[in-house]
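Here is a walk through a structure, one piece at a time.

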Amino acid sequence: MRPVTVIRGQMAPLPRANVDTDQIIPKQFLKRVERSGFGPFLFWDWAQDAEGELDPRFILNRHDYARATVLVSGPNFGSGSSREHAPWALEDRGFLAIIAPSFADIFRDNCHNIGLLPVVLTNDEVGHLTNLAADPANEVVIDLASQTVVAGDFTASFDIDPAVKHRLLNGLDAIALTLRHADEIADFEHTRPGWKPSLAAVPSTGY
Amino acid sequence: MLVVPMETPRTLFEKIWDDHIVRSDDDGTALLFVDLHLVHEVTSPQAFEALQIAGRSVHRPDLTLATIDHGVPTANRELGILDPLSKKQIDTLIANCARTGIELFDIDDPRSGIVHVIGPEQGLTQPGTTIVCGDSHTATHGAFGALAFGIGTSQVEHVLATQTLPQRKPKSMSVTIDGRLPNGVTPKDVILGIIARIGFNGGGGHVIEYRGSVFEEMSMEGRMTVCNMSIEAGARAGLIAPDETTFAYLLGRPYAPTGNDWDTAVEYWRTLHTDTGASFDAQVVIDAADLAPYVSWGTNPSQTIRVTETVPDPASFDDPLDRDAAERALAYMDLEAGTPITDIGVDVVFLGSCTNARIEDLRAAAAIVAGRQVADGVRALVVPGSGLVKLQAEEEGLDRIFLDSGFEWRDAGCSMCLGMNPDILQPGERCASTSNRNFEGRQGRDGRTHLVSPAMAAAAAVEGHFVNLQEWS
């Protein structure tokens with residue numbers, strides 16, 4: 001994973017509560033087995049009308065927001081399904097961070113795992129940034145090391161799990177970190193009772 | 001004076017958590033062992049591919065079970081899978097399982113079905129275990145007192161490679177409901193009522209334990225319905241303490257312990273309850289008598305109201321974001337504030353999903369429609385949760401009841417809950433659905449979903465509009 005350090009770029013405002021993963025990427029695009037290429041399907045039903053024409057009013061269809069790398073949205077962003085395709089689509093579209101008053105738990109974990117930075121600020125702070133984002137000329141700087149968000153005169157700080165911060169700053173592979181403890185996993189497995197569920201067991205009945 | 005060392009009282013959640021810690025880091029992260037990893041075709045292909053690219057193997061295929069549920073057709077299966085993308089995705093899972101030694105319940109296996117139906121059915125979902133799956137409704141398995149939660153594809157890869165997950169301990173919440181449920185109030189209504197009360201993210205960051213006489217008296221199927229929708233309140237997981245009802249459900253299931261192992265397991269399972277004096281980070285208490293049959297009116301599951309009420313006025317919401325969300329929801333749902341819920345007509349009735357496609361759900365709906373006909377102009381379908389649920393329902397004659405009433409009787413799968421297979425709503429269609437999400441476009445672009453219980457859905461099929469079950473006969 002590429003390290004996440006300082007993110008500098010244009011903000012796109014999407015001031016809605018409870019943006020769910022079905023909106024971020026609808027189900028018909030989850031059939032692909034590839035890891036990349038989900039960007040064109042981002043917010044599909046909001047970006048296009050029923051005839052497939054791009055809606056020019058939708059913020060991400062506006063040419064003056066084509067450079068946006070930071071999405072500013074409402075509370076409970078990423079609610080709903082566990083589909084990692086949602087952060088993949090945001091990442092593929094060029095987003096590096098999302099700022100919102102709160103995130104759904106699984107979505108936030110998924111973002112952490114791919115190096116897309118979810119930043120939690122207060123309602124008032126997000127409201128302030130949403131207003132700033134209304135001018136596409138305004139930029140924001142998110143510094144993970146100092147846990148700060150700066151946009152013009154606006155400054156705010158945010159919390160992040162220290163373990164996640166360390167992993168993101170250094171671009172570390174979570175699986176490799178866990179595999180360093182393979183001995184401890186093996187020790188745990190030796191103590192696991194034999195009656196615990198296992199597909200290796202012979203089923204006691206046909207069904 | 002003799003000092004007796006006392007163990008610190010712990011919640012059910014804490015006991016399961018503590019029993020699965022492989023190691024703890026100074027930064028507060030715990031490495032948790034995963035007892036059972038359930039895999040399906042949609043959220044696994046990229047995990048298998050990444051694993052292969054990194055030269056890693058599946059660490060515990062014996063603790064992994066795969067099924068095919070999201071993309072399968074539920075009718076005309078003899079034609080095969082006609083959607084080329086779904087076909088490729090399903091073939092990819094079959095190949096990945098064959099290559100890595102993971103057991104797969106293939107489409108023609110009667111044990112196949114929705115991932116959250118088959119785990120319990122096979123006796124693999126057991127009290128005190130940790131269960132993960134690349135699917136947010138994994139919380140279903142919490143009905144057995146298992147710590148079960150949904151994960152993303154990177155975490156699927158992590159579990160395949162290590163059988164563990166690094167996790168920060170969530171907070172705990174208790175939702176206690178005592179008393180007697182009013183007539184017509186089902187487990188689905190209980191969880192819809194809870195979500196309406198605590199909100200769409202009211203359980204965010206928490207594991208919910210459902211406590212009180214209502215849950216103690218509930219069947220396993222009902223408990224699964226409740227725990228299933230924990231995620232619709234934003235919770236990491238939902239839990240109900242195992243008891244005699246749990247043990248009776250598990251006894252004799254294919255992968256449940258047998259003989260002495262059964263006795264040892266039950267002895268352990270009996271310790272899995274919240275100790276007196278243990279504390280929760282948040283507590284919610286609801287009186288059973290306050291619950292009613294519910295219908296969702298909006299585009300998230302907390303936008304839900306009693307069937308006796310009217311569509312709410314967005315102006316009645318204090319929070320401007322809630323008001324805006326209500327306005328957007330009413331526009332999308334094509335509903336006017338003040339409309340009685342029982343005046344809302346339906347075009348489609350969907351009885352299915354990991355929330356409500358088990359045998360009891362089918363029985364409850366069949367009891368309503370027996371001897372009656374689906375209303376003119378309404379399309380109604382039953383999609384059993386698994387091949388085994390379908391077989392059992394056919395043994396009980398439920399298929400005849402549904403078919404004679406004008407329902408379609410389908411094969412098992414996720415189907416119209418999310419419409420990844422051919423079962424979708426057409427634009428503008430309104431659906432009474434026993435599923436779990438009423439998001440915009442969830443069941444098909446511009447389709448309108450109302451979440452209800454199986455009995456409420458069945459009654460809506462017969463009348464062509466929602467009815468108050470408490471008065472309907």
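Let's start at A:I99, which touches A:V70, A:V72, A:V119, A:L121, A:V126, A:L129 and A:V149 when residues up to four places away in sequence are left out. Touching, or being in contact, means that the C-beta atoms of two residues, placed from the backbone, lie within 7 Å. Before going further, a word on what you are looking at: this is a predicted model, where local features need pLDDT of at least 70, side-chain atom pairs count only at pLDDT 80 or more, and totals for chains, interfaces and linings use all residues. Residues are numbered from 1 along each chain as its sequence is written, while chains are lettered from A and ligands numbered from 1 in the order in which they are written.

Back to A:I99. Together with B:V349, A:I99 touches the most other members of the largest nonpolar core, which has 203 residues. Such a core is a set of buried Ala, Val, Leu, Ile, Met, Phe, Trp, Tyr and Cys residues joined through C-beta atoms within 7 Å.

Now zoom out to chain A. Its C-alpha atoms fill a box of roughly 65 × 45 × 25 Å along the principal axes, and its secondary structure comes to eight helices and seven strands. Those are DSSP runs numbered from the N terminus: H or I over at least four residues for helices, E over at least two for strands. Of the 207 residues in chain A, 41% are buried. Take the contacts in chain A between residues at least 6 apart in sequence, and 69% of them join residues at least 24 apart.

Two helices of chain A are worth a look. Helix α3(A), residues 85-92, packs against helix α4(A), residues 105-114, at an angle of about 50°, with the axes 9 Å apart. Axes here are lines fitted to C-alpha atoms, for helices over the stretch in contact, and angles run from 0 to 180 degrees between N-to-C directions. That angle makes α3(A) oblique to α4(A); under 35 degrees would count as roughly parallel, over 145 as roughly antiparallel, 65 to 115 as roughly perpendicular, and the rest is oblique. On the α3(A) side, A:A86, A:P87, A:W88 and A:E91 make the contact, and they meet A:F107, A:N110, A:C111 and A:I114 of α4(A).

Chain B has a pair of its own. Helix α2(B), residues 45-53, and helix α5(B), residues 153-162, pack at an angle of about 50°, with their axes 8 Å apart, so α2(B) and α5(B) are oblique to each other. Helix α5(B) also turns up between the chains. There, 76 residues of chain B are in contact with 53 residues of chain A, and α5(B) supplies the largest share of the chain B side, seven residues.

Finally, find B:E221 in helix α8 of chain B, residues 220-228. Is B:E221 buried or exposed? B:E221 counts as buried, because it has 22 C-beta neighbours inside 10 Å. Leaving aside neighbours within four places in sequence, B:E221 is in contact with B:R358, B:E360 and B:D361.

Technical notes:
Buried ≥ 20, exposed ≤ 12 C-beta atoms within 10 Å, placed from the backbone.
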